[in-house]
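Here is a briefing on one protein chain. Look over the sequence and the model first, then read on.

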Amino acid sequence: MITAKLFLRAPRAAKSGTGVLYFLINADKTFWVSAGISISVIGWDPQKEDLRPACADYHFLKPKISNYKLKCDLYLQQVNLGALQFSESGFKTAVLHGQLDDVQNPTLVKLFAQFYDVKTICYKRKQHYDIVVAELNTLKPGCRLSHVDHSLMMRYEKFLLNKGNCKNTINGKVRKVKALVHFAQDIKIIKDDILQSVFPLLSSAPAEHLSTVLHFLLHFATTENVEEVVVVI
């Protein structure tokens, strides 16, 4: 269980003056995350982890700290209940910037930005991903990870067919979306492959590719304990 507490860091000998408020987070290791708030040492109650009423700027700082506490509790609740990996950057985004939804349910634009930072892909491939993300945002403005499901992918395939994309191009774009979903699994945003039921287009697949596709379906049926797979070509 990941826990957090508020701690005022100040010089040990300081009995007056100010310190900086930090979140002390115990995860797989200890994280110190500054809340960016300076508080007088005498104005902070370390036992209650809260301001003393006599603190200067009490009425200004109290709502801000209370809001941070609430966002911290909500973020850690999501992480702990989902058995997800703690991220310092995610914590800052959710708690300090108030964008909790962007952590566990990012837009595809932000998810791809993370993907591009981590993965080694050339600029040309990046452009291809940019096109895919832009097309999905055309279908679903502000498209987030939670919007990516079987229904959206069927709409996307139809959208691409209407644009004149060939089957190989469409399958390539679908694979890019699946790569983003697998990346979200890798960084522990989601547990399951939400596009597991989305397969390559088969209706005009070249005959030499069918054995590969059928092998994939057989493997899926075996691992998922599916008794029957029907393929319509």
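E49 sits in the loop between β4 (44-45) and β5 (50-51). This is a predicted model, and in it the phi of E49 is near 50°, a positive value in a residue other than glycine. The points below start with the loops, then turn to the whole chain, the helix contacts and the aromatic rings.

**Loop residues**

- Q47 is exposed, with a relative accessible area of 69%.
- The C-alpha atom of Q47 is separated by 9.9 Å from that of L6. Along the chain, Q47 and L6 are 41 residues apart.
- D57 is found in the loop between β5 and α1 (58-81).
- The phi of D57 is positive, about 60°, although D57 is not a glycine.
- D57 counts as exposed, at 55% relative accessibility; the cut-off for exposed is over 50%.

**The chain as a whole**

- The secondary structure comes to eight helices and five strands.
- Read along the sequence, the pattern is β-β-β-β-β-α-α-α-α-α-α-α-α.
- The chain has 233 residues, of which 37% count as buried.
- Take the contacts in the chain with a separation of 6 or more: residues 24 or more positions apart account for 48% of them.

**Helix α5 against helix α7**

- Helix α5 (residues 123-139) packs with helix α7 (residues 167-186) at an angle of about 90°. Their axes are 10 Å apart.
- That angle makes α5 roughly perpendicular to α7, because 65 to 115 degrees counts as roughly perpendicular.
- On the α5 side, the contact is made by H128, Y129, I131, V132, V133, E135 and L136.
- On the α7 side, K173, K176, V177, A179 and L180 take part.
- The residues of this contact of α5 with α7 divide into eight nonpolar, one polar and three charged.
- K176 of α7 and Y129 of α5 belong to this contact, and K176 lies over the face of Y129, at 5.7 Å from the ring centre.

**Helix α4 against helix α7**

- Helix α4 (residues 108-118) and α7 pack at an angle of about 80°. Here the axes are 10 Å apart.
- α4 and α7 are therefore roughly perpendicular to each other.
- L111, F112, Q114, F115 and V118 are the α4 residues that meet α7.
- Their partners in α7 are A179, L180, F183 and A184.
- The residues of the contact of α4 with α7 divide into eight nonpolar, one polar and no charged.

**Aromatic pairs**

- The count comes to 13 aromatic pairs.
- One of them joins F7 and W32, whose ring centres are 5.5 Å apart. Their planes lie at 75°, so the pair is edge-to-face.
- F7 is in strand β1 (residues 3-9) and W32 in strand β3 (residues 30-40). The pair links distant parts of the chain, 25 residues apart.
- F7 is partly exposed, with a relative accessible area of 36%.
- W32 counts as partly exposed too, at 33% relative accessibility.
- F115 and F183 form an aromatic pair that is edge-to-face, with 5.4 Å from centre to centre and 90° between the planes.
- This pair links distant parts of the chain, 68 residues apart, with F115 in helix α4 and F183 in helix α7.
- Are the residues of this pair buried or exposed? F115 is buried, with a relative accessible area of 5%. F183 counts as buried at 3% relative accessibility.

**Aromatic cluster and a further charge over a ring**

- Which residues form one aromatic cluster? They are F23, F31, Y75, F86 and F91.
- K126 lies over the face of Y116. The distance from the ring centre is 5.4 Å.

Conventions. Residues are numbered from 1 along each chain as its sequence is written. This is a predicted model: local features need pLDDT of at least 70, side-chain atom pairs count only at pLDDT 80 or more; totals for chains, interfaces and linings use all residues. Side-chain values use heavy atoms; hydrogens and water are left out. Axes are lines fitted to C-alpha atoms, for helices over the stretch in contact, and angles run from 0 to 180 degrees between N-to-C directions. Helices (H or I, at least four residues) and strands (E, at least two) are DSSP runs, numbered from the N terminus. Angles under 35 degrees count as roughly parallel, over 145 as roughly antiparallel, 65 to 115 as roughly perpendicular and the rest as oblique. Contact means heavy atoms within 4.5 Å. Ala, Val, Leu, Ile, Met, Phe, Trp, Tyr, Cys and Pro count as nonpolar, Asp, Glu, Lys and Arg as charged, and the others, Gly among them, as polar. Rings of Phe, Tyr and Trp (its six-membered ring) pair if their centres lie within 6.5 Å; planes under 30 degrees apart count as stacked, over 60 as edge-to-face and the rest as tilted. Buried means under 20% relative accessible area, exposed over 50%, partly exposed in between (1.4 Å probe, protein chains only). A charge sits over a ring if NZ of Lys or CZ of Arg is within 6 Å of the ring centre and within 35 degrees of the ring normal.
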